[in-house]
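Here is a short tour of one chain, written for someone who likes to think in coordinates.

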Amino acid sequence: MQRRTVVKGLGAIAAAPAVGVAAGSARAAGRTAEDGTLVFDPDAFTELTVAVTDTEGTAHEVVYRFHKVASYVAKPVDVLYQSLNVSVPVTIDGTAVDARNAPILLANSVGGYMPSSVANKTGITATGMGGGTSRQGLALAAGYVVVEPGARGRTLVDQAGTYYGTAPAAIVDLKAAVRYLRFNKGRIPGNVNRIVSSGVSAGGALSCLLGASGDSPLYEPYLTAIGAADASDAIFATGAWCPITDLEHADMAYEWCWGSNPLAGGALVDRTVSGELATAYGDYVASLKLSAPGFGRLSARNLDDYLLKTFMRPSATKYLAALPDPARETYLAAHPFITWENGRATFTWADFLTHVGARKKNAPSFDAFDLSTPENNLYGTGTTRARHFTRYSLRHESGDSARLDEDVPAKLHLMNPMHHLVGKANGSRSRHWWIRLGTKDTDTSHTVAGNLSARLTGLGDDVDTSYYWDAGHGADQDPADFIRWIAAVSGHQGHRGRLGR
């Protein structure tokens with residue numbers, strides 16, 4: 001990687017601490033808005049060169065400017081996580097690029113609701129999961145501006161034993177990063193009205209939440225507390241891969257979907273617990289009042305048919321149609337539950353579940369009775385590492401009269417995109433959605449993304465939802481299509497290289 005450094009003014013990165021910092025000392029280390037923290041300096045950058053290999057195997061040389069922003073808020077709790085990096089293409093394969101009006105890809109790297117930091121990175125994250133080219137790299141090579149934000153996460157704890165990254169810290173930080181970009185319109189390269197978020201798993205959930213909750217006043221006290229910029233936090237488009245979201249109903253959804261599937265060792269989960277949760281899911285689905293073309297009102301009775309016909313069969317059909325004839329015949333012979341006629345795959349929901357096989361999680365899957373899940377930690381508070389966030393699990397452990405802690409319901413709303421979409425939908429939400437999952441992903445229920453897609457479609461949003469056949473958690477089999485989708489929905493007419501067509 002070649003490098004040329006130009007550093008001027010207040011955009012230069014301040015020295016970041018090497019470990020998590022207690023809230024009090026972090027605030028002392030942060031600069032205030034009055035001395036320029038929230039003003040982006042376009043002249044402070046390192047010029048780098050990176051080779052980006054596209055999805056067809058062709059390498060592209062990209063010269064770009066790498067800007068480090070010490071913190072995107074004026075009163076950071078921990079600058080190690082509340083910072084961001086901006087990568088701006090200058091030339092692609094020797095051709096000059098004008099990125100002043102390019103879309104901005106806001107790519108979070110949150111996993112498991114854990115803390116995410118970019119403070120010590122020295123260039124764009126060009127390599128993704130599995131060693132392939134990242135979405136950030138592909139976006140840069142298409143001429144887009146790429147922003148990589150850090151965010152606090154559930155495991156952060158200060159010297160007094162206080163957890164300072166539990167809900168809703170991560171979404172508050174991502175909103176603050178968006179506000180920073182919009183506040184710096186005209187200073188930061190790229191079109192701040194064309195911000196597209198992306199994330200995987202918990203990061204996918206946060207991406208959905210960012211898209212659904214734009215400019216919601218519910219977050220204002222939290223944003224004010226950390227000195228977020230006075231600007232909008234709405235985004236233009238949302239990309240989400242296998243989003244782990246709708247957590248307060250996820251245990252129910254999981255048992256409705258995977259309740260009959262065994263664990264990896266072959267044992268079934270507690271049948272009473274599974275049955276009670278699956279039954280309760282029907283009431284929740286009814287409360288959403290979702291509908292889908294050809295299915296009418298969705299309920300626990302027809303969700304399987306909706307998922308089967310809308311996502312699973314088309315996924316298998318696409319996969320099989322792309323195979324050479326001998327490979328397709330071999331696959332069908334090994335999986336006789338699939339009927340292949342007239343270029344289409346058909347099978348039953350029960351056979352699909354059998355094909356998927358072992359479920360990943362026990363019951364309850366998210367609000368565990370023993371408070372052992374990442375989500376239990378996500379809803380911790382103060383010096384309490386983990387808490388129950390559903391009445392079902394709480395009352396199983398503490399008795400039928402037990403009540404959730406007073407702050408939990410509000411925090412559930414702050415972390416759930418459906419809260420901003422059901423009933424009177426948020427008018428400042430993203431209107432363009434790219435949602436992807438693998439059909440063998442048992443990290444959550446298929447109904448979670450299915451419900452989200454149905455609601456967004458019903459609202460009239462532009463929704464592109466697809467499942468990858470036989471793929472697991474974190475799969476991304478069409479990254480170049482996502483990059484082209486950004487260009488299409490944003491109306492970007494910039495760099496016309498291979499990745500941008």
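## Surface and charge

What percentage of the accessible surface of the chain belongs to carbon and sulfur atoms? The answer is 50%, out of a total of about 19600 Å². Do keep in mind that this is a predicted model.

On the charged side, the chain carries 47 positive and 48 negative side chains. The centres of these two sets are 5 Å apart.

## Overall form

The chain's secondary structure consists of 15 helices and 15 strands. Its radius of gyration is 23 Å, close to the 23 Å given by the globule rule for 501 residues, so the chain is as compact as a globular protein of that length. Along the principal axes, the C-alpha atoms fill a box of roughly 65 × 60 × 40 Å.

If you count contacts between residues at least 6 apart in sequence, 74% of them join residues at least 24 apart.

## Inside the chain

Of the 501 residues, 59% are buried. In soluble globular proteins, nonpolar side chains tend to be buried together.

The largest nonpolar core holds 114 residues, and Tyr180, Ile338, Phe347, Trp349, Phe352 and Met415 touch the most other members. Helix H3, spanning residues 169-183, contributes the most to this core, with nine residues. A second, separate core has 35 residues, among them Val52, Ala107, Ala139 and Cys242.

## A closer look at Trp349

Setting aside neighbours within four places in sequence, Trp349 is in contact with Trp256, Cys257, Asp304, Leu307, Leu308 and Met312.

Definitions and conventions
Residues are numbered from 1 along each chain as its sequence is written. This is a predicted model: local features need pLDDT of at least 70, side-chain atom pairs count only at pLDDT 80 or more; totals for chains, interfaces and linings use all residues. Side-chain values use heavy atoms; hydrogens and water are left out. Helices (H or I, at least four residues) and strands (E, at least two) are DSSP runs, numbered from the N terminus. The radius of gyration is taken over C-alpha atoms; the globule rule is 2.2 Å times the number of residues to the power 0.38. Buried means under 20% relative accessible area, exposed over 50%, partly exposed in between (1.4 Å probe, protein chains only). Contact means heavy atoms within 4.5 Å. Accessible areas come from the Shrake-Rupley method with a 1.4 Å probe; for residues, only the protein chains shown count as cover. Lys and Arg count as positive and Asp and Glu as negative; His and the chain ends are not counted. The place of a charge is taken as NZ of Lys, CZ of Arg, CG of Asp or CD of Glu. A nonpolar core is a set of buried Ala, Val, Leu, Ile, Met, Phe, Trp, Tyr and Cys residues joined through side-chain atoms within 4.5 Å.
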